[in-house]
Amino acid sequence: MNKSIELYKETLHSFQEEVKTLKQLAQFYDVSTLKEQFEHIESIIARDSFEIIVVGEFSNGKSTLINALLRERFLPSSINPTTAMLNKISYAPVKSYSIVYRDGTTKQMTEEQFKSIVAPDSKPSLLGNLLGIEKEKKEISEIREAVLGFPTDFCKNNITIIDSPGTNDFDAAREAITTHYIPRSDAAIFILNATKPFSESDKVFLSRILDEHLHKIFFVVNFKDLLENNIDEQTAIDYIKDQLAGLVADPKIYLISAQHALLHHIGTTEASGRRRRKPLLTLEQTGIPQFEQDLDHFLAYDTGFEKLVKLRAMYDETIDAFLAEHLQYERSMLQNATNRSANEIKMLEQKLVQLEQKMRNNMDVATSQIGLHVQSLKNWYHSELTTISEIALSTLDELYTSTADQAEIKLEIERRTGKLESAIPKKTVQKLEQVMQSLFNQNLNNFKQELHQIKNTISFSHSQSSTNWNTEFSSFEYKESYGGFFGGMVTWVRDKLFGDRRPVDVKAKMRSQVMERYSVHINSNVSNFESEMHEQLKRMIGQVKKMVETQIADERKRNQRALKMAETEQQEIEQKIAQLNRDILVVERGQQHIKTSIDKYMKLEV
Ligand SMILES: Nc1nc2c(ncn2[C@@H]2O[C@H](COP(=O)(O)OP(=O)(O)OP(=O)(O)O)[C@@H](O)[C@H]2O)c(=O)[nH]1
Ligand SMILES: [Mg+2]
């Protein structure tokens, strides 16, 4: 049959292997529609026979044409709609008739039984057998198809010819043929009627056949004998060619008379003894010999080719859908996802670095301003001490008399200055707080806000919960150490003032005592205070700096955890993308492989 049957089988085999892989992939990606499509292709590959289906409107001569090819009135035919179901005719050494029911069961039968079921109207039932007809009709609805054997060379080499029921608009049978049988067939004989060529319904039917990748179609125009002359014949052919233009490239059109050819073939050998009409056309004129020759050639040489063309078209369509709608689509989605998280990570890192730098600058500025603030603190402290000293001396002047009790005076001085003195540490703390506020408050609030924003970005993308953010910057830990300084100073002053009891000129002595206590040490006290304030502010700024750094470091750590998560996600996504890339490559290579092996086969065939 085929010049290259081995290569054909080889090509089909590699096709089968590719489809198997792809079916598994479709299953892996859970695309059931494609999986079904691949299974359908598999079923076509697995089927060893070549199926050629005869289609067309009812009474166009489908059954008669097949009979002419078989050279026997094997299938029933009549002017009424006749063929009621699909008849599949394959080679068998002796004629055989069987019916396949919808439930899958098969029933062998005699020719008579078969004809009464398959074409009940072609053989008028006895009037009294009305019940029988009803029964037959009911039976037809349960039948899926008839499988017939016939001893003919035409069907040798696994060729099956299928006679289909006639169709017209909105016909259920047509629907079943187009949706169920056409996609399975490898080629078609489309029968038209020369006296009413290419109706609108023919056109609709044809476009559906073409949609199903059935591209090998023989256009057979029957009833040639009913045309008056050559001019009519040419007109019919031209009209059909016109109609097919744009739908089918280079269509093969045969003008035939199936009935007249059949009459020629049956000749005098027909045993039935029925009355025969004298053939009006010669066998050559029936167009059948030419058609037969082309069909034979096609069946002998081109069936494998046709099957592969059809398979490749279905395969390409399925692969394209698989690639574009599933694999490549999914890949681009995942690629977008990785770009997004990579950008987020970069952005967060950058923001933290910027914030850290900004805070360092703020600290530097604050440190450089320490001197300025210490100067004003020092001035304030000096004036406080001076005021206290003045109060002390004026109190002595006011109260001193020679009879006055010295202890009383000292007590009064102590009373008047004590409140002011003891208020100094508290006031100093307040002043320091003011200084810190003027140095940092705005900065720290901004810092807080900015860090918060960064955290939000992180928690938005990676849902990390924030901890400890409510640490307040206002609770500095400088009060204790500052209190220590003043405590020491007060003790020292008290010892100086009240521990000494030398008997000298009483007022002068008292005055010098007051001076010693309140005035003499003002400058050294102020200078101690100054260096202490300097240290304090430095320490406080250092604490703020540490706090900021800790906050940022914490954020960094958190960010790093988020990064790790993002990276793991990214790794997963990248793994998926790599998997998709591999699978896309598998699909593309498979497609290429099929293309080359089919091309190789076709080169040999042409
Ligand atoms: N004059 C003439 N009549 C034909 C020709 N071919 C078929 N017929 C007749 O047309 C009628 C219909 O033929 P069938 O073969 O039953 O047509 P069909 O397409 O199988 O019809 P359905 O099975 O009903 O769809 C029959 O009476 C045939 O004898 C032909 O070439 N010329
Ligand atoms: Mg028929």
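Start at Asn222. A polar atom of its side chain sits 3.0 Å from an oxygen atom of ligand 1; polar contacts here are pairs of N or O atoms within 3.5 Å. Taken alone, ligand 1 exposes 640 Å², and the protein buries 92% of that (Shrake-Rupley areas, 1.4 Å probe). Before going on: this is a predicted model, where local features need pLDDT of at least 70, side-chain atom pairs count only at pLDDT 80 or more, and totals for chains, interfaces and linings use all residues. Residues are numbered from 1 along each chain as written, chains are lettered from A and ligands numbered from 1 in written order, and side-chain values use heavy atoms, without hydrogens or water.

Two more contacts. Ser63 has a side-chain N or O atom 2.9 Å from an oxygen atom of ligand 1. Ala258 uses a backbone N or O atom, at 3.2 Å from a ligand oxygen.

Which element gives the most to the shell? Helix H3, with three residues. The shell holds 22 residues, each with a heavy atom within 4 Å.

Now the sheet. Asn222 stands opposite Asn193. Six bridges join E7 (187–193) to E8 (217–222), and the two run parallel; pairing takes at least two DSSP bridges. Helices and strands are DSSP runs, H or I of at least four residues and E of at least two, numbered from the N terminus. The open sheet has nine strands with mixed pairing, ordered E4-E3-E5-E2-E6-E1-E7-E8-E9. E4 and E9 stand at the edges with a single partner strand each, so one side of each has no neighbour in the sheet.

Terms used
Polar contact = N/O pair within 3.5 Å; in protein donor to acceptor, adjacent residues only side chain to side chain.
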